[in-house]
Every structure is written in C-alpha cells, then in structure tokens.
Amino acid sequence: MSTLDAARAELALAVLYLNKAEARDKICRAIQYGSKFLSDGQPGTAQNVDKSTSLARKVFRLFKFVNDLHGLISPTAPGTPLPLVLLGKSKNALLSTFLFLDQIVWLGRTGIYKNKERAELLGRISLYCWMGSSICTTLVEVGELGRLSGQLKKLEKDLKSSEKYQNEAYCAKLKKSNERSLALVKAALDTVVAIGLLQLAPKKITPRVTGALGFTTSLISCYQLLPAPVKSKTS
C-alpha cells in the first residue's frame, strides 16, 4: 500500500468516525468538561463554552432513549447470571429515563417548555437516573470481569504458556477483558461525575474535579468508538 493509499484509508476512517452522531456527541462532551475544568465554576468564557456545549449536546440525544428502551425489552445472552441480568435491565431503564427527561430539560432551556422550576427538578431527577445507571454499569462490568477471569484461568490450565497467545479463543477473551476493564473505569468515573454535577459532595468533588473526570471519560468514549484500523496489504 502506497503512502497516498494509506492516507486515503486513514481519511476514510476519520470520515466514518465523524459521521457517527455518537462520536460527535462525545467530542462535544470532551469540550464541555474540558471547559468546566478550566472555568472551575467561575463566570467567564470557559463557563459560557461549558453551558452552550451542554445545551448543544442535548440535540444529539433527541430520541436516543429508544436505544436503551429496546435494550430493556431485548432478551439477554444465554447463561448470564440473574443478578447481572437484573443489573443490566436496571441500567437500561435508568439510562432510558435519563435520556427521556433530558429532552424536557432541553425544551425548558430553549424556552419551549415554560415551567422552569419543573424543568430544573426534572433535570436533577435525570442526573440521579444517570448516576444510578453508571453504578449499575460498574457492577455489571465487575461481574462480567469475574466471569471472564474464570474462563481465562480455565483456558490457561489447558494451554501451555507459550501457546495461549496463539489460541484464538484465549486472545478473544483477553481482548474482551481489556475492553470491559476500560468500561469499568469509565463507569466508575462517570458515577463521580454525576455526584459532582448534583453537588452531593461540593467540598471534595469541585467543578474542576468534575471537569477533569468528565474530560477523561469523554476521551475513553471517543476511543471506544474508534473504527477498526485498516490492515495494510503486503505483496
């Protein structure tokens, strides 16, 4: 593959990535929380960027609650333990509620919905739902990592140390374990972000801390959405 062909392939991947509404939302989220970190809750340009980007992101999430509503009613993978099933469904229900209520918050901030006090109340309720979904996600990932760890140990017993990285099943489970570990970190940090947004511990979780953690989880989300790289063809 020539340098020009490689550049075209990389550009095609960038276009594919940026065409995703979810990817654009997470880029905006990184800008939002980066601005929150810079402003530290103080009035100024950074805080204005934080607020305007937060409002703009709500447009990307219009009707997105349908995704988790579909996940709520969809059957789970065979063999999944009941506690993990219940936690997964709880996460879907809470996240769907958060996204639905977030639309009413958007209507309130744009002036379409006139009851500002009700919109603010629904905004806090939606954040509690997001915090609950993040906690459920954290517990699900811990449980799934425990299951994967047991499966990996079982495979290691059957394979020699030098052979395990050549075994497709072992490598696939190891990759899945790494992905779930990253998802666990993201969910745990998002729980703290939600606590910061709700100001449940304002002395410890300041706007700057909230911004730093939110920026970190945004970068993780951007990474998780990256398309698979194109493998170069060698003659």
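Good morning. The model is predicted, so local features are taken at pLDDT of at least 70 and side-chain atom pairs at pLDDT 80 or more, while totals for chains, interfaces and linings use all residues. Residues are numbered from 1 along each chain as its sequence is written, and side-chain values use heavy atoms, with hydrogens and water left out.

I begin with confidence. pLDDT is the predictor's confidence in each residue, from 0 to 100. The protein chain averages 90, and 96% of its residues score at least 70. Helices here are DSSP runs of H or I with at least four residues, strands are runs of E with at least two, and both are numbered from the N terminus.

Let me turn to helix 2, residues 21–39. The expected span of a helix is 1.5 Å times one less than its number of residues. For the 19 residues of helix 2 that gives 27 Å, and the end C-alpha atoms are 27 Å apart, which agrees. Aspartate 40 follows helix 2 and has a positive phi, near 55°.

Which residues of helix 2 are buried? Among them are Ala23, Asp25, Lys26, Arg29 and Tyr33. Buried means under 20% relative accessible area, exposed means over 50%, and partly exposed lies in between, with a 1.4 Å probe and protein chains only. The cover over these buried residues includes helix 1, helix 3, helix 6, helix 7 and helix 8. Lysine 26 counts as buried because its relative accessibility is 13%. Beyond its neighbours within four places in sequence, lysine 26 is in contact (heavy atoms within 4.5 Å) with Ser218, Ser221, Cys222 and Leu225.

Next, the core. A nonpolar core is a set of buried Ala, Val, Leu, Ile, Met, Phe, Trp, Tyr and Cys residues joined through side-chain atoms within 4.5 Å. The largest one has 11 residues, including Tyr33, Phe65, Trp130 and Leu198. Helix 5, helix 6 and helix 7 each give two or more residues to this core, and helix 6 gives the most, with 4. Cysteine 129, one of the core residues, touches Leu94, Thr97 and Phe98, residues up to four places away in sequence not being counted.

Now the aromatic rings. Rings of Phe, Tyr and Trp (its six-membered ring) pair if their centres lie within 6.5 Å; planes under 30 degrees apart are stacked, over 60 edge-to-face, and the rest tilted. By this rule there are 2 aromatic pairs. Why is the pair of phenylalanine 65 and phenylalanine 100 edge-to-face? The ring centres are 5.3 Å apart and the planes stand at 75°, so the pair falls in that class. This pair joins helix 4 to helix 5 across 35 residues. Phenylalanine 65 is buried, at 16% relative accessible area, whereas phenylalanine 100 is partly exposed, at 40%.

Finally, the backbone. Most residues other than glycine have a negative phi. Phenylalanine 63 has a positive phi, near 65°, and is found in the loop between helix 3 and helix 4. Phenylalanine 63 counts as exposed because its relative accessibility is 60%. Glutamine 199 also has a positive phi, of about 55°. Glutamine 199 is in the loop between helix 7 and helix 8 and is exposed, with a relative accessible area of 59%.
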